[in-house]
Amino acid sequence: MANGICVYAESYNGELETVAAELVSAAKGLAETTKEKVQAIVLSDHAEELVKELDKLGVDEIYAVKADHDITLQDDAVSAAIAEMLKKIEPSAVLVPATPQGRSIFSRVAMRLGCGMTADCTEVLAAQREDGSFYIKQNKPSYGENVFVTILTKEGIYPQMMTVRPGVYAACEAKESGNANVTFFDDIKIEKSGVEILEELPAENTTDSILGAEVVVVGGRGVLEDDNFELLEKFAEKVGGAIGGTRPMVDSEMIPFNHQIGQTGLTIRPKICISLGVSGAIQHTEGIKDTKLFVAVNTDENAAIFKVADYGIQADLREVLENYMKL
């Protein structure tokens with residue numbers, strides 16, 4: 001019988017990605033209700049080192065496959081190996097990071113297992129049926145941010161598989177050591193991929209700076225006027241903040257999509273968030289979680305953003321920024 005909440009531990013160049021610790025937090029939250037074990041799977045040519053890091057996150061079981069070569073972007077071969085791992089483990093649910101790697105690999109895994117997959121969840125909750133069995137409510141925005149839906153995997157279909165957006169769960173803290181039961185599947189081999197990597201180039205725009213930033217400056221529709229965005233950039237540089245924005249900022253191509261904050265973008269947890277010209281629609285504010293200090297500037301005294309901000313300034317953002325830059 002399917003049992004266990006399993007997390008895919010994504011890694012790159014032998015380093016565990018932060019999102020792995022976030023998914024472990026989500027899995028532990030589910031396990032509090034279902035009383036299942038928290039599991040993790042990892043595939044890498046650095047498997048031994050990654051297993052040690054995973055053990056510090058407090059999971060109950062770790063399943064690993066050691067590759068004899070670099071498997072970066074070898075999604076066709078990796079997905080086949082993961083499907084074999086999950087057949088052996090038989091978890092009730094699999095949590096996958098909603099990253100390019102996670103989406104690419106596990107869409108293939110879901111096809112191989114015939115289980116389906118819910119994409120881009122912002123919340124996962126355990127619920128109980130009348131017969132005492134558990135299932136997962138997979139919550140996510142849909143129809144271009146306009147509705148929030150709950151998706152359920154058909155009863156009797158396992159594993160329940162879903163991708164979870166980075167940032168929506170706080171990363172669990174690593175301990176000095178753990179006591180996970182570790183299993184290496186030596187009988188599962190990662191076959192040769194049909195993908196050949198000719199060259200790797202650094203991404204021009206990454207989300208690392210905004211997800212890890214202590215200060216984030218967020219621009220809304222009000223920034224689109226005049227040359228307000230240029231002023232916002234200077235302000236962000238002066239306060240040492242990363243720049244994020246709402247949907248209009250992305251549509252106007254002032255910021256890349258991977259800097260959009262909200263239900264269809266990123267969830268951030270900075271120490272300080274400064275919101276400029278943002279109306280405060282729920283689709284956006286859902287992406288600002290656990291901010292220690294939230295300051296909002298808007299000309300409309302009834303703007304929804306003031307209901308969630310710690311401090312609100314009813315003023316023209318340009319006037320506020322220009323006065324600050326003079327200091």
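**Figure 1. The pairing of V94 with strand 11.** V94 has M161 as its bridge partner in strand 11, in a model that is predicted. Strand 6, which covers residues 93-97, is joined to strand 11 by five bridges, and these two strands run parallel.

**Figure 2. The pairing of T118 with strand 11.** Strand 7, made up of residues 118-121, also runs parallel to strand 11, to which two bridges join it. Within strand 11, M162 is the bridge partner of T118.

**Figure 3. The burial of strand 11.** Strand 11 spans residues 160-164, and because five of these five residues are buried, the strand is largely enclosed by the rest of the structure. Cover is found on both faces of the strand, with Q160, M162 and V164 buried on one side and M161 and T163 buried on the other.

**Figure 4. The setting of these strands in the whole protein.** Ten helices and 17 strands are found in the protein. The radius of gyration is 22 Å, close to the 20 Å given by the globule rule for 327 residues, so the protein is as compact as a globular protein of that length. Its C-alpha atoms fill a box of roughly 65 × 55 × 40 Å along the principal axes, and buried residues account for 51% of the 327 residues. Of the contacts between residues at least 6 apart in sequence, 64% join residues at least 24 apart.

**Figure 5. The surface and charges of the protein.** The accessible surface amounts to about 16600 Å², and 47% of this area belongs to carbon and sulfur atoms. The protein carries 30 positive and 52 negative side chains, with the centres of the two sets lying 4 Å apart.

Methods
Residues numbered from 1 in each chain as written. Predicted model: local features only at pLDDT ≥ 70, side-chain atom pairs only at ≥ 80, totals over all residues. Heavy atoms only, no water. Helix = DSSP H or I, 4+ residues; strand = E, 2+ residues; numbered from the N terminus. Rg over C-alpha atoms; globule rule 2.2 N^0.38 Å. Buried < 20%, exposed > 50% of the residue type's maximum accessible area, 1.4 Å probe, protein only. Contact = heavy atoms within 4.5 Å. Areas by Shrake-Rupley, 256 points an atom, 1.4 Å probe, with all protein chains shown as cover. Lys, Arg positive; Asp, Glu negative; His and termini not counted. Charge placed at Lys NZ, Arg CZ, Asp CG, Glu CD. Pairing = 2+ DSSP bridges.
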